[in-house]
Amino acid sequence: MIKTQTNKEADIKSDFPIFKNNDIIYLDSAASAQKPNLVINSINDVYSNYYANINRGVYTLSQIATDKYEDAREVVKEFINAESSKEIIFVKGATEAINLVASSVSEIKLKKNDEIILSRLEHHSNIVPWQISAKKYGAKIKIAESDENGNVSCEAVMKEVSPKTKFICITHISNALGTILPVKEICTEAKSRGIYTLIDGCQAAPLLGIDVQDLGCDFYVFSGHKTYGPTGIGVLYGRKEILSETPPYQGGGDMIDRVTFEHTTYADIPSKFEAGTPNIAGAIGLGEALKWMKKIGMKNIHKHSQKVISDGLNILGNIKGIRIIGEPNNRGGVISFLYKNIHPHDMGTLLNSYNIAVRTGHHCAQPTMDRYKISSTVRASIGYYNTKSDFEALAEGILKVSKVFEKN
Ligand SMILES: Cc1ncc(COP(=O)(O)O)c(C=O)c1O
């Protein structure tokens, strides 16, 4: 089969050294995105030219590093249109952000018999922290169900609301099926009832323009490594009125105002939630990644993704024996599927022998798999560097795998 890669497509890929060094068809960006030169160089630059610990230094190098770290916070603030950079907390990733909210905000919000609503489509990261808090405070978890196509409507969420509901915690885009959830509608309804909303933006931040003020959410979380940035850095956005009232998640250096052996007073936000030496280079690298996306334009990134996913659905849909799992009304950059009776792990392993990288398994979304009475899928997910030709290669790979199974 002839691959339809244009010069423009090759240009985008040339921004990513991994594609120069590997002849790989990379369809696993929902797990982690590849990094453009700009991000890699920015990290090299930190360690080569202005690395030092931040905040406490009176010397120039430390002041430069502090400024760059705080500049990155400004970049994040702009990227999601937060009202203030104080509302941006740097964390390890989305998982830590959700644990922070589930642990510390629950301390001021959750009481016995209160209720937390999650959707059927949550990643385990947006389930397990809430189970831990629910157990601690005697609260109950309720589930907003998805329909057969993998949609979760605002009505399905609101159906679960009661006077005891304190949190609605939902994903913006399902990492397992690709569904885009109507989070703005849900946040509007929740706000009018005084319910806190947490949106898991892991799959949405790399794809959609995020405006937390427009969404009206109380918390928004995402991971740097899925937004073309480094690993070990992520973002918790929280409304400053809530974060100011919330007790710290971890204790240590930098998050204090005054410490004696008897008593400690805490720093203002965001420092209150950034105990210890943070991931300085990670935050700066994330800032560069977000600037890189902004420069391309989130509208362009989304448009490109819609085109590639639509091509992908057509290409895969034309293969006899494919079953696409989830046919949501609005889809992000993910397609999950099964092929005949070939186990997803076998499919993924054999595709790897043709240099095609897809993810197989439950995608940390076992309740989503349960909905379809399956244990795993093959998942192809895209980044800005993917094109129709990657799906053509995937289709070719699937047919080759099929032949291997026919022979045996
Ligand atoms: C929707 C969603 N939520 C949460 C996470 C957890 O992100 P991390 O492992 O970066 O903390 C992921 C990662 O796959 C995800 O896709």
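**Contacts, burial and backbone of a predicted chain**

Leaving aside residues up to four places away in sequence, Ser133 touches Ala102, Ser103, Ser106 and Leu110, where a contact means heavy atoms within 4.5 Å. The model is predicted, so to speak for itself only with care: local features need pLDDT of at least 70, side-chain atom pairs count only at pLDDT 80 or more, and totals for chains, interfaces and linings use all residues. Residues are numbered from 1 along each chain as its sequence is written, and side-chain values use heavy atoms, with hydrogens and water left out.

Ser133 belongs to helix H6, residues 128–137. Helices (H or I, at least four residues) and strands (E, at least two) are DSSP runs, numbered from the N terminus. With a relative accessibility of 4%, Ser133 counts as buried; the word buried stands for under 20% relative accessible area, exposed for over 50%, and partly exposed for values in between (1.4 Å probe, protein chains only).

Stepping back to the whole chain, the secondary structure comes to 15 helices and 15 strands. The radius of gyration is 22 Å, close to the 22 Å that the globule rule gives for 408 residues, so the chain is as compact as a globular protein of that length. Here the radius is taken over C-alpha atoms, and the rule is 2.2 Å times the number of residues to the power 0.38. Along the principal axes, the C-alpha atoms fill a box of roughly 75 × 55 × 35 Å. Of the 408 residues, 59% count as buried. Among contacts between residues at least 6 apart in sequence, 70% join residues at least 24 apart.

The surface and the charges come next. Carbon and sulfur atoms hold 49% of an accessible surface of about 17,800 Å², computed by the Shrake-Rupley method with a 1.4 Å probe; for residues, only the protein chains shown count as cover. The chain carries 48 positive and 45 negative side chains, and the centres of the two sets lie 4 Å apart. In this count Lys and Arg are positive and Asp and Glu negative, while His and the chain ends are not counted; each charge is placed at NZ of Lys, CZ of Arg, CG of Asp or CD of Glu.

A search of the whole structure finds zero disulfides, a disulfide being a pair of cysteine sulfur atoms within 2.5 Å. The sulfur of Cys169 has its closest cysteine sulfur in Cys187, at 10 Å, which is too far for a bond. Cys364 is in no disulfide either, and the nearest cysteine sulfur, that of Cys202, is 11 Å away. Cys169 is buried, at 0% relative accessible area, whereas Cys364 is partly exposed, at 32%.

Some backbone details are also worth a look. The peptide bond from Ile269 to Pro270 is cis, with omega near 5°, and Pro270 sits in the loop between strand S10 (264–266) and helix H11 (280–296). Asn355 is not a glycine, yet has a positive phi of about 70°; this residue lies in the loop between helix H13 (344–353) and strand S13 (356–357) and is partly exposed at 35% relative accessibility. His363, in the loop between strand S14 (359–361) and helix H14 (366–371), has a positive phi near 60° and is buried at 7% relative accessibility.
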